[in-house]
Amino acid sequence: MAGMHFSILSLLLLLVAFSYTEASADVPKTTDKKIEVVVEATVYCQSCDHFGTWSLIGAKPIPSAKVSVTCKSHNGHVSYYKVFETDKNGYLYAPLEGFKMQHYILDHPLHSCYVKPVWSPLESCSLLSNVNYGLNGAPLRYENKKLHGSKYEAVIYAAGPLAFRPSECSQTHL
């Protein structure tokens with residue numbers, strides 16, 4: 001009879017454990033984090049003294065400049081495009097909301113995305129320059145920057161500095 005009590009007790013413990021496991025499987029996970037892809041850059045007005053180079057010595061940040069982020073799938077189709085605006089310090093922090101990868105290696109932001117300066121609010125400094133390959137699109141690089149929150153993580157990719165140049169640079173600066 002003692003063996004039967006042990007079997008019934010074991011069976012009851014298994015039923016309780018099984019029902020607890022089933023119930024806990026239905027509870028939504030609170031540790032799921034939203035992972036966001038972010039692009040950062042700074043946009044400058046390049047000094048006439050350094051026109052034709054990549055030098056940003058004497059350059060001034062451009063607030064409210066427009067910058068585009070374009071991503072293409074491994075098939076060559078545009079999978080993401082959006083124009084963002086820099087802050088008052090010329091800094092761009094662009095969360096790529098809606099960015100999706102069809103192929104986790106070939107469509108990775110480091111391979112598929114690039115950044116271009118689009119528009120400068122400064123009439124005196126509105127011509128595109130090729131600083132950091134801005135004319136064709138600055139590639140992204142990973143500099144081990146992340147932002148962490150309890151339910152949020154941002155992986156930040158840098159495009160490097162971008163620049164416009166003044167239209168009134170004299171020929172002596174060329």
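This is a predicted model: local features need pLDDT of at least 70, side-chain atom pairs count only at pLDDT 80 or more; totals for chains, interfaces and linings use all residues.
Colleague: What makes the pair Glu40 and Tyr91 a polar contact?
Modeller: The cut-off for such a pair of N or O atoms is within 3.5 Å, and the side chains of Glu40 and Tyr91 are joined at 2.5 Å. Glu40 also makes a side-chain polar contact with Lys145, at 2.8 Å.

Colleague: How do you know that Cys45 and Cys125 form a disulfide?
Modeller: The rule asks for cysteine sulfur atoms within 2.5 Å, and these two are 2.1 Å apart. With 110° about the S-S bond, their link is right-handed. Cys45 lies in strand β1 and Cys125 in the loop between β6 and β7, so the pair ties together parts that are 80 residues apart in sequence.

Colleague: Good. Why is the disulfide of Cys48 and Cys169 called left-handed?
Modeller: Its torsion about the S-S bond is about -85°, so the disulfide is left-handed. The link bridges distant parts of the chain, with Cys48 in the loop between β1 and β2 and Cys169 in the segment after β10, 121 residues apart.

Colleague: And what makes Cys71 and Cys113 a disulfide?
Modeller: Their sulfur atoms are 2.0 Å apart, where the rule asks for within 2.5 Å. Cys71 and Cys113 are both buried.

Note on methods. Residues are numbered from 1 along each chain as its sequence is written. Side-chain values use heavy atoms; hydrogens and water are left out. A polar contact is a pair of N or O atoms within 3.5 Å; within protein, one must be able to donate a hydrogen and the other to accept it, and residues adjacent in sequence count only if both atoms are side-chain atoms. Helices (H or I, at least four residues) and strands (E, at least two) are DSSP runs, numbered from the N terminus. Buried means under 20% relative accessible area, exposed over 50%, partly exposed in between (1.4 Å probe, protein chains only).
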